[in-house]
Amino acid sequence: EYRPGSDNRVADALSRRPPEKEFQQLSITAPLCLDRKELASQLCLDPDLVKILRALTEGQVVEGYRLGEGLLFHEGKLVLPRNSKFTQQVLEQFHAGVIGGHEGVLKTYKRLSREVYWKGMKKDVEVFITNCQICQYNKYSTLSPAGLLSPLPIPTQVWSDISLDFIEGLPISHGFDVILVVVDRLSKYAHFLSLKHPFTAKSVAELFIKEI
């Protein structure tokens with residue numbers, strides 16, 4: 001109930017609103033300007049979609065798919081043939097159109113996937129944006145430049161400088177499934193020591209002292 005400001009000691013936005021005015025809901029959506037008849041004919045040219053259309057027409061249940069007004073829908077989203085001109089149209093509209101703003105792969109894909117569907121859509125979005133000339137001309141990498149390579153100094157005597165690495169994911173042999181590789185950086189002489197999970201820094205150090 002509307003109350004004049006002088007009578008309402010705890011006024012808020014709703015109480016200040018005159019009763020004769022109504023809220024207006026504004027929404028921004030991407031218009032899909034597609035020829036429905038041509039799209040329906042293009043669906044019949046896709047071998048995979050033809051099988052789905054035939055099954056639905058015969059009354060069979062295809063998980064996630066349904067027919068509506070002569071068009072095919074997947075989980076409520078309009079299905080487009082991947083190799084038709086419609087995929088390029090919507091990619092252009094959702095990426096380079098008024099509401100697209102040449103955004104990145106993830107945002108473009110999320111916006112597009114709310115409206116339409118085709119198999120391999122995410123990969124097609126990546127390829128389309130990678131080949132977008134405007135994005136290539138105007139966008140730049142935000143990563144810091146990689147530093148210069150710094151080679152390690154050459155050791156002056158054997159076993160004064162060594163490298164260690166683990167080889168994991170091996171099939172179990174005699175209870176062991178990990179190989180500890182110890183290499184002398186000067187002579188390139190290597191030791192291969194067997195380990196098994198779980199191992200700790202202490203157990204590795206003890207094995208190193210015992211064997212090396």
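User: Which residues in α5 meet which residues in α6?
Analyst: Val-105, Thr-108, Tyr-109, Leu-112 and Ser-113 in α5 meet Met-121, Lys-122, Val-125, Glu-126 and Ile-129 in α6. Contact here means heavy atoms within 4.5 Å. The residues of this contact divide into 6 nonpolar, 2 polar and 2 charged. Ala, Val, Leu, Ile, Met, Phe, Trp, Tyr, Cys and Pro count as nonpolar, Asp, Glu, Lys and Arg as charged, and the others, Gly among them, as polar.

User: Before we go on, where do the values and numbers come from?
Analyst: This is a predicted model, where local features need pLDDT of at least 70, side-chain atom pairs count only at pLDDT 80 or more, and totals for chains, interfaces and linings use all residues. Residues are numbered from 1 along each chain as its sequence is written, and side-chain values use heavy atoms, with hydrogens and water left out.

User: Is the crossing of α5 and α6 left-handed or right-handed?
Analyst: The α5 and α6 crossing is right-handed. A crossing is left-handed if the near helix is turned anticlockwise from the far one by less than a right angle, and right-handed if clockwise.

User: What about α4 and α5, how do they pack?
Analyst: Helix α4 (residues 85–96) packs with α5 at about 120 degrees, with the axes 10 Å apart. The two are therefore oblique to each other. Val-90, Leu-91, Phe-94 and His-95 of α4 make the contact with Thr-108, Arg-111 and Leu-112 of α5. By type, that contact has 4 nonpolar, 2 polar and 1 charged.

User: And where do α4 and α6 cross?
Analyst: Their axes come within 11 Å and cross at roughly 65 degrees. This contact is made by Gln-88, Leu-91, Glu-92 and His-95 of α4 and by Asp-124, Val-125, Phe-128 and Ile-129 of α6. Those residues split into 4 nonpolar, 2 polar and 2 charged.

User: Let's switch to sheets. What is the order of the sheet with 4 strands?
Analyst: The order is β1-β2-β3-β4, in an open sheet with mixed pairing. β1 (65–68) and β4 (116–117) are at the edges with a single partner strand each, so one side of each has no neighbour in the sheet. Two strands pair if DSSP finds at least two bridges between them.

User: How many bridges join the pairs there?
Analyst: β1 and β2 pair in the antiparallel sense over 4 bridges, and Tyr-65 stands opposite His-74 in β2. Strand β3 (residues 77–79) and β4 run parallel and are joined by 2 bridges. There, Leu-78 stands opposite Val-116 in β4.

User: What lies between β1 and β2?
Analyst: They form a hairpin with 2 residues between them, and Glu-69 in the turn has a positive phi of about 55 degrees.

User: Which helix lies across β1, β2 and β3?
Analyst: That is helix α3 (residues 47–57), running at about 70 degrees to β1.

User: And what is the order of the 3 strands in the other sheet?
Analyst: It goes β5-β6-β7, an open sheet with antiparallel pairing. The twist averages 20 degrees from one strand to the next. β6 (residues 178–184) and β7 pair over 6 bridges, and Val-182 has His-191 in β7 as its bridge partner. Helix α8 (residues 201–211) lies across β5, β6 and β7, at about 135 degrees to β7.

User: Last one: where is Arg-185, and what does its side chain join?
Analyst: Arg-185 lies in the loop between β6 and β7. A polar contact of 2.9 Å joins its side chain to that of Asp-161. A polar contact is a pair of N or O atoms within 3.5 Å; within protein, one must be able to donate a hydrogen and the other to accept it, and residues adjacent in sequence count only if both atoms are side-chain atoms. The backbone oxygen of Pro-153 also lies 3.2 Å from a polar atom of the Arg-185 side chain.

How values were computed:
Axes are lines fitted to C-alpha atoms, for helices over the stretch in contact, and angles run from 0 to 180 degrees between N-to-C directions. Angles under 35 degrees count as roughly parallel, over 145 as roughly antiparallel, 65 to 115 as roughly perpendicular and the rest as oblique.
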